Every structure is written in C-alpha cells, then in structure tokens.
Amino acid sequence: MMDKLFGGLSKLIKLDNIVIDNHMFRLHYKFTVALLIAFSLIVTSRQYIGDPIDCISRDDIPSNLLDTFCWIHSTFSIVGAWNKTVGIHVPYPGVDKTTPDEKRVYHKYYQWVCFVLFLQAIFFYIPRYIWKIAEGNRIRALIMELDCPILPDEKKIERRKLLVQYLVNNLHLHGFYAFQYFLCEVLLLVNVITQMYLMDRFLGGEFSTYGSSVLSFTEWDPAVRYDPMIRVFPRLAKCTFHRYGSSGDIQKHDAMCILPINIINEKIYVFLWFWFHVLAFITTIVLTYRCSLWLMPKTRAFVLHSRARLTAPEYLDIVLQHCKMGDWFLMDLLCKNMEPTNYRDLIADFAKKLDSLHSCKKMGNGYETV
C-alpha cells in the first residue's frame with residue numbers, strides 16, 4: 001500500500017539529465033513539492049490515521065450521523081477553558097460547559113488541509129514551469145551529446161565547431177535569458193513568503209509563531225507547561241447538534257469530538273514551519289549571491305574558474321573578457337552539463353575564435369566588434 005501511495009513521487013524527485021537551474025531551485029520544485037504531495041496523501045489515507053473524527057454524545061443520536069455533521073459544520077473550542085486544569089476544572093483544554101458569554105474558536109481548517117497542501121505544491125512548481133517555458137530546451141539543443149564522455153573525435157570536433165559558431169554569433173544576446181532566470185528565482189522567494197502568510201491566515205493567525213511556541217514549550221517545567229499545538233490543532237473539541245424533538249421544539253445536543261487527524265496535522269505544520277523558514281533563508285542567500293554575480297564580474301570569473309577546473313585559465317580569461325552576464329550564465333549552464341574534457345576543448349576553441357576575430361578587427365579587415 002505504501003508503494004502505491006508514494007511510488008509516483010519517486011519520478012518527481014529523480015535527477016534530470018540536463019540541468020537548467022541550481023540546487024536551491026530544485027529544493028523548491030522537487031523536494032518541497034514532493035513533500036507537500038506526500039503530506040496531502042497521508043492526511044487523506046484512513047489506513048494510517050483511521051477516521052478523521054469521532055464524536056460522542058449521551059443522547060440517542062447515531063454516531064455516524066453525528067460524526068458527519070460535526071465534520072461538515074466544524075467543531076469549536078472555548079477560549080476560557082484552554083488554560084484551566086485538566087481533570088479538575090475541564091476534561092481537556094478548550095472543552096468546558098457552555099455559558100452565554102463564552103468566546104469560541106471554530107476549527108474548520110481540517111476539512112481543507114489535504115486540498116491546501118496540494119494547492120501549495122502546485123504553486124511551488126509554478127516558477128519551474130515558467131522557467132522551462134522561457135528556457136525552451138536551449139541547453140539540451142546546444143549540448144549535442146557533448147555531455148557524453150565516449151564520443152568519436154570527428155563528432156566532437158564537428159559539434160564543438162557548431163557550438164562555438166553559435167556562441168560567437170549570439171555573443172551579448174543572452175542577457176534577457178539570464179534575466180528571466182533571475183526573475184524566476186525572485187518568484188521562488190515571493191512564493192514561499194506569501195505561502196507562509198496565507199498559512200498563517202488559514203490557521204487563524206497561529207502559524208507565524210507556531211514553531212517558536214513549540215520550541216519554547218519543550219523548555220517549560222513539565223508541571224506547568226501548556227502544549228501550544230492543541231490550541232491550533234485540538235485533539236478534542238466540542239460540537240453542537242440541533243434537531244426537532246417529538247413535540248416540535250428545537251433540541252440542543254452537546255457532543256465532544258476526538259480529532260485523530262490533528263495528531264498528523266500538528267506534526268506536518270511544525271515541520272512546514274521550520275522548513276519554510278529554512279527555505280526562505282536559503283533562497284535569500286542565493287538571491288544575494290545572484291546579485292553579486294550581476295554587479296561584480298570578478299565574482300563571475302571566480303565561480304567559473306572554480307567550476308571548470310580542467311580548463312586552461314588563460315583561455316577562460318579570454319572568454320570572460322568578452323562575456324557579459326547573459327553569456328556567462330549560458331557558459332555556466334554548459335559547464336554544468338558538458339563532460340569536463342569536452343568543455344575544456346570548447347573553451348579553448350571559443351577563446352581562439354574570439355582572439356582571431358579580435359586580431360582581425362585590429363588589422364582593419366572589416367569584422368564586427370565582438
């Protein structure tokens with residue numbers, strides 16, 4: 001059963017043959033999407049959590065009817081009963097006898113958790129989808145099997161020649177290509193921050209401090225500590241059922257409902273609180289790094305030198321002297337995908353081509369400036 005439930009997620013997190021992004025990008029559209037879909041499947045799987053709600057009442061209301069009614073119309077907790085002593089004043093935090101002036105908090109989110117998690121997964125994939133459309137399989141087309149270490153020498157020379165000619169003809173024309181990728185990275189940060197805000201609204205304003213409250217709870221004295229998770233995800237709540245009596249009067253029936261599903265929900269959202277904060281921090285760091293690449297050419301040179309270790313530094317320096325940010329971004333993606341020796345030879349051929357064109361320009365042979 002577990003294989004059927006999660007087997008399809010393995011295809012989502014497998015590595016791609018052609019890399020068109022970075023590790024941070026993949027944390028969003030691979031790991032986080034797979035995580036959210038897995039959580040959505042767990043919440044909807046009764047085999048692992050049983051019935052999501054079980055209500056009890058001393059009256060003659062069928063249990064199935066009461067369960068269905070309370071699931072559809074939501075349960076509630078009484079605010080004044082959250083901090084009362086369990087076993088003396090109340091049977092459970094948030095559960096107490098009804099009074100006219102009581103303040104209630106209704107719990108409706110659990111009906112929507114599985115749908116919200118799945119919708120979140122879709123939004124985490126959207127930046128990847130946008131970038132794939134903008135990228136248009138350009139890197140796959142340019143590689144031309146040069147990612148393979150075993151390739152006949154004639155094919156290597158021919159395909160390097162074609163690729164060098166493309167790079168020369170399109171020099172300084174990849175700025176918008178790189179800018180689109182940068183915008184998609186910004187969209188990743190906007191998405192995760194927006195989702196944190198919307199989750200806070202979804203959980204009644206409790207998500208923003210949820211993780212920090214759980215951490216502080218573990219440091220309290222066991223004799224006085226109060227579990228903050230049950231305020232957000234109560235395991236026991238109240239439900240009121242109304243019906244007509246035998247004489248036509250409206251009867252009110254008070255019920256207590258056990259919510260086993262909240263044992264899962266509370267763990268899911270504790271993890272998501274920490275993961276979303278980590279993800280937002282990592283994304284901010286990567287965006288700062290991306291800005292430094294745009295503003296400081298020396299940073300671009302350092303990164304490409306460290307990545308293309310087999311490439312002769314003098315050839316790489318010649319290429320970098322002629323490259324702008326968009327050209328560098330393309331060369332960086334080619335470095336990630338090409339076999340190292342093929343990339344070494346490509347840079348050597350490209351540098352020689354640029355050098356010869358630059359020399360011809362100096363001699364006044366009518367070549368365009370590159």
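Of the contacts in the protein chain between residues at least 6 apart in sequence, 75% join residues at least 24 apart. The model is predicted. The protein chain holds 16 helices and five strands, and buried residues account for 45% of its 370 residues.

**Packing of α9 against α6**

- Two packed helices are described by the angle between their axes and the distance between the axes.
- For helix α6 (residues 113-135) and helix α9 (residues 175-202), the angle is about 170° and the axes are 9 Å apart.
- Angles over 145 degrees count as roughly antiparallel, and α6 and α9 are therefore roughly antiparallel to each other.
- On the α6 side, the contact is made by V113, V116, Q120, F123, F124, P127, I130, W131, A134 and E135.
- On the α9 side, the contributing residues are Y177, Q180, Y181, C184, L187, L188, N191, V192, Q195, M199 and F202.
- Sorted by class, the residues of this α6 and α9 contact are 16 nonpolar, four polar and one charged.

**Packing of α9 against α12**

- Helix α9 also packs with helix α12 (residues 261-295), at an angle of about 155° and with the axes 10 Å apart.
- This pair, α9 and α12, is therefore roughly antiparallel as well.
- The crossing in which α9 passes α12 is left-handed.
- The contact of α9 with α12 comprises 20 nonpolar, five polar and two charged residues.

**Nonpolar cores**

- The largest nonpolar core has 48 residues, and L334, Y343 and F350 have the most contacts inside it.
- Helix α15 (residues 325-337) supplies the largest share of this core, with eight residues.
- Y343, leaving aside its neighbours within four places in sequence, is in contact with L304, A308, T311, M331, L334, C335 and M338.

**Residues with positive phi**

- Most residues other than glycine have a negative phi.
- M144 is not a glycine, yet its phi is positive, at about 50°.
- The position of M144 is the loop between α7 (138-143) and α8 (153-169).
- M144 has 22% relative accessibility and so counts as partly exposed, the range for that class lying between 20% and 50%.
- H172, also a residue other than glycine, has a positive phi near 70°.
- The loop between α8 and α9 contains H172.
- With a relative accessible area of 35%, H172 is likewise partly exposed.

**L162 in α8**

- Helix α8 includes L162.
- The relative accessibility of L162 is 48%, so this residue counts as partly exposed.
- L162 and L142 are 20 residues apart along the chain, and their C-alpha atoms are separated by 8.9 Å.

Conventions. Residues numbered from 1 in each chain as written. Predicted model: local features only at pLDDT ≥ 70, side-chain atom pairs only at ≥ 80, totals over all residues. Heavy atoms only, no water. Axes fitted to C-alpha atoms, helices over the stretch in contact; angles between N-to-C directions. Helix = DSSP H or I, 4+ residues; strand = E, 2+ residues; numbered from the N terminus. Parallel < 35°, antiparallel > 145°, perpendicular 65-115°, else oblique. Contact = heavy atoms within 4.5 Å. Nonpolar A, V, L, I, M, F, W, Y, C, P; charged D, E, K, R; others polar. Buried < 20%, exposed > 50% of the residue type's maximum accessible area, 1.4 Å probe, protein only. Core = buried A, V, L, I, M, F, W, Y, C linked by side-chain atoms within 4.5 Å. Left-handed = near helix turned anticlockwise from the far one by under 90°.
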